[in-house]
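Please keep the sequence and the model in view while reading.

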Amino acid sequence: RNTKDTRDTLHHTSYTTMSSSSYKEPSPILKRLFLPPKDPSLSLSPDQQWLILCTEPSLPSISLLAQPEEKLAGLRFDASLLTPSRMDYGTSLTVQHLGTGRKYPLELPAGSEGVRYIRFHPSRPMFVLSSKVKDEAVLDLYRCDFVNEDYWEMQRVDLGERRMNFVNGCAYQFTSDGDSLLVKVVPDGWSRSPPKEPVSTGPAVQCVEKGARKAPGRTYQDLLKVVPD
């Protein structure tokens, strides 16, 4: 009987290492087929004379989906920006006059990643918006005015060191007469990062009253449990 020691047999296996660790892009044909352009979002002025077309990405980016989010009392938000979590921004703006059909392409502010939260003035050709600063957790407020027949002017509104709070919706609104713009900001001295959860100093004790009966209980997510919440 012939036997062969498997220890004397060497098996050589070749492995192919990916030369690049980045994600691969599909071909242009597949992009047109499976990633059609998203319809622009529309904002109509109160007098129905002006329309803003805002182009947004067809799908959120991987970096956007990977951003951390806070979960508190049923809300999902970005603690650094104080906005709903994983929110996309418009990458181009076009203002159209509905009476004449003329379109006015607007350039985004320098260093802007995109814009969001467009709000029209109640009676004048003017609107405000927020611009996300590229690679920074900063949202700037801008005012856009119709200067003449050929030009829309965009100017930054200086809020100092104060940050706008978009967790529960848009942080600004014009008054009904249009004389003022109300802006919801974070109190001075408020930390930019969420407070650390306190370390437990003992067990969680649950008291059951005498005569209580077993019953199903509702499950509530992300309740306010401790003082930092």
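## Terms and basis

Strands here are DSSP runs of E with at least two residues, helices are runs of H or I with at least four residues, and both are numbered from the N terminus. The model is a predicted one, in which local features need pLDDT of at least 70 and side-chain atom pairs count only at pLDDT 80 or more, while totals for chains, interfaces and linings use all residues. Residues are numbered from 1 along each chain as its sequence is written, and side-chain values use heavy atoms, with hydrogens and water left out.

## The four-strand sheet

Four strands form an open sheet in the order β8-β9-β10-β11, and their pairing is antiparallel; two strands are said to pair if DSSP finds at least two bridges between them. The edges are taken by β8 (112-120) and β11 (151-157), each of which has a single partner strand, so one side of each is left without a neighbour in the sheet. On average, and with direction ignored, neighbouring strands of this sheet are turned by 30 degrees against each other, where the axes are lines fitted to C-alpha atoms (for helices over the stretch in contact) and angles run from 0 to 180 degrees between N-to-C directions.

Six bridges link β8 with strand β9 (residues 126-133) in the antiparallel sense, and Val 115 stands opposite Ser 131 in β9.

Asp 145 lies in strand β10, which spans residues 139-148. With a relative accessible area of 14%, Asp 145 is buried; this term means under 20%, whereas exposed means over 50% and partly exposed lies in between, using a 1.4 Å probe and protein chains only.

If neighbours within four places in sequence are left aside, Asp 145 is in contact (heavy atoms within 4.5 Å) with Arg 124, Pro 125, Met 126, Tyr 151, Trp 152 and Glu 153.

## The β6-β7 hairpin

Strand β6 (residues 92-97) pairs with β7 in the antiparallel sense over four bridges, and Leu 93 has Leu 106 of β7 as its bridge partner. The two strands β6 and β7 form a hairpin with five residues between them, and Gly 101 in the turn has a positive phi of about 80 degrees.

In a regular strand the side chains alternate between the two faces of the sheet. Strand β7 (residues 103-106) has a covered face with Tyr 104 and Leu 106, and an uncovered face with Lys 103 and Pro 105.

## Cysteines

Cys 144 is buried, at a relative accessible area of 1%, whereas Cys 170 is partly exposed at 22%. Counting as a disulfide a pair of cysteine sulfur atoms within 2.5 Å, the model has zero disulfides.
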